[in-house]
Amino acid sequence: MSFSDRRDLYQQIETERESAVLTYVTSDRLGMETSIASDVIDPFVDLLDMIGPVERISLILHTSGGQTLAAWRLINLIRMFCDELEVIVPSKALSAGTLMSIGADNIVMTKQAVLGPIDPSINNPLNPQVNFGGQPKQVSVSVESVRGYLNLAREELGIADTQHLTRVLLDLSSHIHPVVLGDIFRSTEQIRFLARKLLPRQVENEANIKSIVDFLCADSGSHDYTIDRREAGGLGLKVEKPSAIFYDLLKRIHSSYSEELQLLQPYSPTEIVAEGKVGANHYAIKRGLVEGTAGGCYAYLSQGIMELVQLETDGSPFQQQFVNDNRTFEGWKRIV
């Protein structure tokens with residue numbers, strides 16, 4: 001199923017919901033993941049300009065998360081073009097995707113849809129590195145993991161005096177750069193501030209807002225925790241269950257973009273190099289979608305030339321092979 005097929009489904013949703021439909025998908029395909037980032041703003045502006053100011057927008061969202069401030073900017077951008085905004089989650093809107101969801105007037109969730117904690121992870125050039133498959137790989141640092149480590153020292157182990165707490169902090173800074181630690185504590189306050197700014201559209205009571213922010217930022221215990229429709233409603237979020245017809249449309253849309261982005265198929269460079277063919281193999285891999293019935297389709301593309309190289313080894317009957325990936329383009333591009 002292609003964009004033209006999905007557009008027919010979008011138009012059915014627009015009729016049922018009396019809204020204009022936009023879709024934003026970031027790939028969670030193993031090895032080809034993408035995330036919410038500021039580079040998606042221009043494609044959204046283009047599609048929103050074609051929609052024009054409308055009474056209601058329905059944003060279909062599928063994401064594992066991304067940049068906090070990009071999510072904040074994007075949800076406020078969409079709100080500039082409508083009086084009412086709903087986020088529709090066929091499968092998942094995690095982390096920064098949850099931040100976007102709580103900025104809507106309501107959230108439509110299927111029975112399998114999940115939200116997640118919004119505690120951010122820091123990606124900084126100074127982040128620690130680990131050895132992964134013989135290669136150094138930079139790892140993100142979870143804000144709540146650092147907070148948990150410090151709470152362990154203070155509350156569980158009962159370390160209270162300044163001298164010992166200083167040693168704990170010095171030990172932490174020997175593994176995580178002090179600049180990264182500074183980013184962590186700044187991000188903690190920032191994410192709570194943004195959540196408190198967004199939630200009043202769904203939650204009026206200040207005490208309930210504080211409770212939801214505490215749960216999403218810390219009390220859920222782990223960034224991997226998932227929040228289903230029932231729990232999201234129990235927290236106090238304005239959650240809607242889709243009708244049977246609407247649910248069927250969302251399942252078909254989800255299956256369509258999952259197939260197009262190959263979300264269930266782990267990425268393997270050797271598959272691009274068909275049957276061990278030596279030489280250049282051109283490729284274009286879709287890693288994200290921004291779509292609208294009025295504006296067409298943008299795709300986040302990785303394009304390049306994959307080359308299988310064989311090396312002759314002196315004195316050995318065996319040949320060594322490796323795959324060389326020369327990426328020529330990566331970014332958003334209008335495809336329809």
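Are R56 and E86 buried or exposed? Both are buried, and buried means under 20% relative accessible area, with exposed over 50% and partly exposed in between (1.4 Å probe, protein chains only).

Some ground rules. This is a predicted model, where local features need pLDDT of at least 70, side-chain atom pairs count only at pLDDT 80 or more, and totals for chains, interfaces and linings use all residues. Residues are numbered from 1 along each chain as its sequence is written, and side-chain values use heavy atoms, leaving out hydrogens and water.

Now, salt bridges. Side chains of opposite charge can pair when their charged atoms come close. A salt bridge here is a side-chain nitrogen of Lys or Arg within 4 Å of a carboxyl oxygen of Asp or Glu. Searching the whole structure gives 17 of them.

Back to R56 and E86. They form a salt bridge, with the closest N and O atoms 3.1 Å apart. This pair links distant parts of the chain. R56 sits in strand β2 (residues 54–62) and E86 in strand β3 (residues 82–89), 30 residues apart. Strands are DSSP runs of E, at least two residues; helices are runs of H or I, at least four; both are numbered from the N terminus.

Next, R6 and E260. Their side chains meet in a salt bridge at 2.8 Å, N to O. R6 belongs to helix α1 (residues 3–17), E260 to helix α10 (residues 244–260), and 254 residues separate them. R6 counts as buried because its relative accessibility is 0%.

R327 is partly exposed, at 33% relative accessible area. D325 is partly exposed too, at 33%.

Last, a network. Salt bridges with shared partners join R17, R56, E84, E86 and E240.
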